[in-house]
Amino acid sequence: KLQRITQARSLLASRAFDECISFLSALQKEYPGEDEVDRLLVSAHRERLEESKKQQLAKARMFMASRQYQECKSVLEELRKQFPADDEIPKLLGAVVEEQQEQGKQESLAEARKLLGAHRHAECIALLGRLQNEFPGQKDIESLLKTVHEDEAEQRKAQKLIEARQLVASGRFEESIALLTELEQAFPDKPDIVRLLETAQEKQA
């Protein structure tokens, strides 16, 4: 009996948990009520469970590193059910959710920059507005939104200037002066607007 208990200890030490549990279960039937066998069996079950938890946590971290967030959360949710008292699992789950949100934000910002590059201001502002609701007070979102509004205003100014030049060229000075005065109020200290306004006023005179 002692030799077989020593063998069981050896199996446990070498982390051959399934074999150890099977061996100890057989011993338990042969020697019911043997304290050392019972104790070793409890240890083997506990250590096997701990080993399984470590493997699952490693798997979750691997999923997280490769940005497979859904798979990672699925593994961690299952672990949380099995080990409700473990505080490492909810921490890791929180980190995964945070990282997933950050990745989603960066992808949306990249999409917004594409829309800005194509001067699709309304779509870009709508997308950034949604991002602002999701991530309030984030400087990168606010900064890009400011750039979009500036670019939109610049494009509007350029279009109005083209329109004003066409009015001047076709001798419609009064209309061009009205348009350029409005532009000057919206965009003060812009030399191109001032010059064209002066040209229109000279030609009208």
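Visitor: Is C20 buried or exposed?
Guide: Buried means under 20% relative accessible area, exposed means over 50%, and partly exposed lies in between (1.4 Å probe, protein chains only). C20 has 0% relative accessibility, so C20 counts as buried.

Visitor: What kind of model is this?
Guide: Residues are numbered from 1 along each chain as its sequence is written, and side-chain values use heavy atoms, with hydrogens and water left out. Local features need pLDDT of at least 70, side-chain atom pairs count only at pLDDT 80 or more, totals for chains, interfaces and linings use all residues, and the model itself is predicted.

Visitor: And C124, buried or exposed?
Guide: Its relative accessibility is 0%. Therefore C124 counts as buried.

Visitor: How many disulfides are there?
Guide: A disulfide is a covalent bond between the sulfur atoms of two cysteines. Here a pair of cysteine sulfur atoms must lie within 2.5 Å. By that rule, the count is zero.

Visitor: How far apart are the end C-alpha atoms of helix α5?
Guide: Helices (H or I, at least four residues) are DSSP runs, numbered from the N terminus. The expected span is 1.5 Å times one less than the number of residues. Helix α5 has 30 residues (88–117), so it should span 44 Å. The model agrees, with the ends apart by 43 Å.

Visitor: Which helices do the buried residues of α5 pack against?
Guide: Those buried residues include I89, L92, V96, K105 and L109. Contact means heavy atoms within 4.5 Å. The partners are α3 (35–65), α4 (69–82), α6 (121–134) and α7 (139–169).

Visitor: Which ring does K105 lie over?
Guide: A charge sits over a ring if NZ of Lys or CZ of Arg is within 6 Å of the ring centre and within 35 degrees of the ring normal. K53 lies over the face of F83, at 5.5 Å from the ring centre. For K105, the distance is 6.0 Å and the ring is that of F135.

Visitor: Which residues does L131 touch, not counting residues up to four places away in sequence?
Guide: L131 lies in helix α6. It is buried because its relative accessible area is 3%. With near neighbours in sequence left out (up to four places), L131 touches K105, S108, L109 and I141.

Visitor: How far apart in space are L41 and K91, C-alpha to C-alpha?
Guide: L41 lies in helix α3. At 9% relative accessible area, L41 is buried. Residues up to four places away aside, L41 touches I21, L24, S25 and Q28. From K91, 50 residues away in sequence, the distance in space is 31 Å.

Visitor: Where is D189?
Guide: D189 has a positive phi of about 60°, yet is not a glycine. It is exposed because its relative accessible area is 73%. Its place is the loop between α8 (173–186) and α9 (191–204).

Visitor: Where is R67?
Guide: R67, also not a glycine, has a positive phi of about 60°. At 54% relative accessibility, R67 counts as exposed. R67 sits in the loop between α3 and α4.

Conventions:
Helix = DSSP H or I, 4+ residues; strand = E, 2+ residues; numbered from the N terminus.
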